[in-house]
Amino acid sequence: MASSTPVPSTLLMDGTAIPILGYGTGTAWFKKKGETGVNRELVESIKAAIKLGYHHLDGAEVYGTEAELGVAIKESGVPREKLFVTTKVNQNIADIPGAIQSSLDKLQLSYVDLYLIHQPFFAKSPTELQDAWAALEKVKQAGKARSIGVSNFLESHLSTILQTAKIPPSINQIEFHPYLQHGSLVPFQEQQSITTASYGPLTPAVRAKGGPLDSLLSKLASKYAVGEGEVLLRWSIDRGAVTITTSGKEARLSSYLNALNFQLTPEEVKEISRLGEQKHFRAFWNDKFAADDRS
């Protein structure tokens, strides 16, 4: 049965409240090149997620799902101010003012709650990264995004934009799970008051079975009467990350909300982290992060 517990929020450094569990329109729904038109199956899935209590909705220009998000938000009947909507700039990074307006038009919104630079690899120089961040600051100043941040950034990328930022990034959304803990990156973000957001949190139970966590996840799922996915969501939340998950199945989305009904002990969080460090697995951006992962 789904949790009846409202999804709690945490505050970003700029004071924006963000729900700690969000529904993503990426991995399960990513449109292939050439796909056009509104995917009604996705619209209905987003509406189901909103009805279940997922008021944090995560999209991106590159997913091709902003139009579906817009339709679902409109049809949901939930007031705009009760929803937290994220989108990201990627293809149109050279024209951020045009990119945000295009995204807002597709979303049928006047603003997003969070606007992210999707990845840092477009930049051929530090200046290019800093210029893109300055353009994002103008998006916030214009009221088109309540909060701004980044995604898939390493410590070096964050340091580069922090050198010139007038408004620091409030969040870095990264693939984060026990098999990809990023060394010093998360502690660095904590020192800078940059919130960590996690995507791919279920990876050890979905994409990387047959690892050192299998037995412990099974044991903890039995102890708390939840699924292994909920244990992994709880680990991410207990590590302080805003956590994004997804599914095309309403029953699964419903069960994921049970991650809000229990808390791992500090020892269990540490043990999941310790065992997770015995295996390395990255599901996304492998070509870009190969050198970093092996350093």
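Which residue in E8 is the bridge partner of serine 151? It is glutamine 173. This is a predicted model, in which local features need pLDDT of at least 70, side-chain atom pairs count only at pLDDT 80 or more, and totals for chains, interfaces and linings use all residues. Residues are numbered from 1 along each chain as its sequence is written, and side-chain values use heavy atoms, without hydrogens and water.

Start with strand E7, residues 145–151. Helices (H or I, at least four residues) and strands (E, at least two) are DSSP runs, numbered from the N terminus. Six of the seven residues of E7 are buried, that is, under 20% relative accessible area with a 1.4 Å probe and protein chains only; exposed is over 50%, and partly exposed lies in between.

E7 pairs with strand E8 (residues 171–175) in the parallel sense over two bridges. Pairing takes at least two bridges found by DSSP between the strands. From E7 the chain crosses through helix H5 (residues 155–162) to E8, a right-handed β-α-β crossover. Right-handed means that, with the strands pointing away from the viewer, the path from the first strand over the helix to the second runs clockwise.

Strand E6 (residues 112–117) also runs parallel to E7, joined by five bridges. Here tyrosine 115 stands opposite isoleucine 148.

Now turn to helix H11, residues 266–276. Its buried residues include Val269, Ile272 and Leu275. The buried residues of H11 pack against helices H8 (214–224) and H9 (228–238); contact means heavy atoms within 4.5 Å.

Glutamate 277 sits in the loop between H11 and helix H12 (286–294). Glutamate 277 is exposed, with a relative accessible area of 59%.
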